[in-house]
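Visitor: I am new to protein models, and I would like to learn how to read a few features step by step. Could you take me through this one slowly?

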Amino acid sequence: MTEPVASSPAPIEALKDIEPSKPPRSQWKDVWDQLRKHKGAVFGMGFLVFITLAVLIGPYIYTVDPQKLDIRNKDFRPIYTAIWDGDSKVGWNKPLGSDQLGRDNLAQLIAGGRASMAVGWAAMLLSLVIGTFIGVVAGYFKRLDGPLMRLTDLFLSLPILPLLLVAVTLFRQPLRANFGPEGGMFILIVTIIAITSWMPTARIVRGDVLAIKEREFVLAARSIGTTPGRIIGRHLLPNVLSPIMVSAALGLATAIITESALSFLGVGFPSDFPTWGKMLADAVVRMEEFPERVLLPGIAISLTVLSVNYLGDGLRDALDPRIRGR
Amino acid sequence: MKLKTLMLGAAAAFALAPASAMAERGSDGEVKIIYWQAPSILNPFLSGGTKDVESASMIIEPLARYNEKGELVPWLVDEVPTVGNGGVSADLTTITWKISSGIKWSDGSDFTSADVKFTYDYCTHPEGGCAQLTKFENVESVDTPDANTVVVKFAGPTPNPYGPFVGGESPILQAAQFANCLGAAASTCTEQNFNPIGTGPFVVDEFKPNDVITMSANPNYRDPAKPAFAKVTFKGGGSAAASGTAVMETGEFDYAWNLQLAPDVIAKMQEGGKGTPVAGFGPLVERIMLNQTNPDPNLPEGERSTAMHPHPFLQEPAVYKAMSMAIDRPLLVEIGYGQAGKVSCNWVPAPAAFASEKLSCDTQDIEGAKAMLDAAGIVDSDGDGVREHNGVPLSILYQTSTNAVRQDFQALIKDWWSQIGIETELRNIEASVFFGGDAGSPDTFQKFYADVEMYANTFNGTDPQAYLGNGLCDKAPRPDTQWQGENISRFCMPEFDALHAELTKTADMAERARIGRELNDMMVENGGMIPLVHRGRLSAHANSLGGVVLNVWDSELWNVADWHRIDG
């Protein structure tokens, strides 16, 4: 404020401010410290990072084409089968074996993970944006609350599978023409999953916004003439961040599962485009003979979804200041 | 399970008599049949579905039917009428059936020619939507000079007069029962349609649509020693894989119908040791249809995939011949069908007289295919690995129904075509949509909004005249036929139409066969289709079930009266 004057008298010792000995802690550092204490969340995050890196970098390290047919080397078992069954058909060139047309299982698993994770992340982000927007607007503007919440109810009653079948019929052709068969289907699936899964987020966010907007600090902000946009951006959104983060984590899991279910049912990507759900569906009839073809993608789906759920659980604890530190 | 069956059998029989092969009626207890498509009605005239026709064939019967070799055998008559025995008139316009004496309906009344005439009236009633109307095509009248004689008159010379009242799709209904069900009332007669009175070996006890039928032996069946089983449980629903398991691995059922599963899956099930798969070959061919018209999505609706716009490259002989040469058919058979498949280059692979031997295709020739395309000037001019024809890249959309075996075929064929410089995009469509025939859906096989598509087709009976008619120019699906029609590839060739017209006028069997083979070759050589695999019907029966003779020319359950329990 004012410039300190050199000739000012020495401050009384007792009145002198004690300088904080530690540097100030940011909120995110606190969150991180709390999150680190949650073993499940650490495991979940670790696995999620691992699997994301694996599907992103994997194809550059393991360069086998997942769609390449190699009919003479079909029905290979994973290399570890040799431990208990010396006569089984294994080979180091196919570490996780090959399917009934000789496609490499490891390469398919990586490529399939790419598709599944991409769909999961994209659908999650999109549904998060829609859900948060609707939730905040419905919670903050009283006049829009009724219509928007009825809209939410309407979407909640939409069955995803028939909707997707109709959407595939209607929009496949234009999307395919503009983005190619795989790109078009990706957009279609992501959009459908997103528009059928934003409702829980919207409801939770609306509930929290309704509670927070009556609090004193919001009243204070309003009394000094802050615009609704600023109030939402500065005061409401940071306070509803924790439920949003949690529903994001759960949304990712739901999206991966929905995509797998769609591929399992044979709707969606072209039949030679591997995804985890597709690999599962193809393997079901030969489950007894080649259990690994069901187990590998099945475990990949389960572990990813489980790790995301743990991460969400940990984030919820870490982001809540009342729980934090306990 | 087996013990229980035996005990039931013992209870149904009079004493603890040993279950022997040719015992008296009802001595072998219960037989359990599973169809993974559930019957929804027991009146084949109101449903074209195989599941309905075959389940009904245990109850109601035709005058004559085809045996496992495709030969006509008399069923409710003494002999099959021919020109030789005077049953068919020399000018081929009338056929006279003589009903065997002493045949009774399951309610005890006599089976007479009036019932046969009634069946004709029932199906051809102008207000009734009879599913088997084609069986009565060209029939002018059905007369009944006496109680045991039926005379069918045709509008013109009919070389194959065995359409009406022959085969599982044209059985005889009881006039007394269905008298009030003519015309528009047909589909409202639930009691009649669910519990038809028949002459067959079994009568319906209870029919639960789309679920299960329980039947018991017909007390008035013409052979007093048959059927060997007192009860039948006919279960519908599930999947092909589950029904195969139920017969061959767990032994819960005695007979499973139409197991379209990969050979290694069948072999694995057979290791269960409870049952045996049986295969029979009819004229069913898995093929790739080549669209002769342009399916370009940029064309306006109503012009797309119609004769207005020819396909940019699929009518080019070098292209479709190279596509066929690049396919390794023996490998497809090995992967997809095993013992239930044979390599086929023909549209009509059976019956033997009609099977052409002119074409051969059982060796893959990738290099030859490349050379053929090079020679025709169809080369890759812009270096992207895809050849061009007049500037149009050979890029193909390849669709089929969703089925594990078909998707494997798609992946393999895509790979081979990519080796000869043809780019392929795969699509699979849910079977109920693909074969649904809905004129509003863009995804049906009739609409054919793709360059090539793969499915299987066959014909009933042993005469392929109507089936060969599927290559006629005016049978092409198009907007003004509501996209109905059987000429899926929109094949159009005046010579073909003329030769087919000649076939309809020819009566001599050898000559008919020659024309049939020529039509077959014409279709295949001119790029209407690429035949892949001659498919058999594969069903499975329990090792303890005797008397099963798989029949692909008629209902699979045609000889269910002869089925019996054996020690196995």
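Visitor: Which domains does the assignment give for chain B?

Guide: In this predicted model, the domain assignment divides chain B into domain 1 (1–59 + 200–274 + 543–568), domain 2 (61–186) and domain 3 (281–461 + 529–536).

Visitor: How many residues of domain 1 of chain B are in contact with domain 3 of chain B?

Guide: Six residues of domain 1 of chain B are in contact with nine residues of domain 3 of chain B, and by class the side belonging to domain 1 has five nonpolar residues, one polar residue and no charged ones. The C-alpha centres of these two domains of chain B lie 38 Å apart.

Visitor: In which sense do strands β11 and β18 of chain B pair?

Guide: Strand β11 (residues 275–290) of chain B pairs with strand β18 (residues 529–542) of chain B in the antiparallel sense, over twelve bridges, and Val278(B) has Ser539(B) in β18(B) as its bridge partner. Strand β11(B) is also joined by six bridges to strand β17 (residues 452–457) of chain B, again running antiparallel, with Asn457(B) in β17(B) as the bridge partner of Val285(B).

Visitor: Turning to chain A, is Ala107(A) buried or exposed?

Guide: A residue is called buried if 20 or more other C-beta atoms lie within 10 Å of its own; Ala107(A) counts as buried because it has 23 C-beta neighbours inside 10 Å. Ala107(A) belongs to helix α3 (residues 105–140) of chain A, and, leaving aside neighbours within four places in sequence, Ala107(A) is in contact with Tyr62(A), Val64(A), Asp65(A) and Pro66(A).

How values were computed:
Residues numbered from 1 in each chain as written. Chains lettered and ligands numbered in written order. Predicted model: local features only at pLDDT ≥ 70, side-chain atom pairs only at ≥ 80, totals over all residues. Helix = DSSP H or I, 4+ residues; strand = E, 2+ residues; numbered from the N terminus. Buried ≥ 20, exposed ≤ 12 C-beta atoms within 10 Å, placed from the backbone. Contact = placed C-beta atoms within 7 Å. Domains from an automatic or database assignment. Nonpolar A, V, L, I, M, F, W, Y, C, P; charged D, E, K, R; others polar. Pairing = 2+ DSSP bridges.
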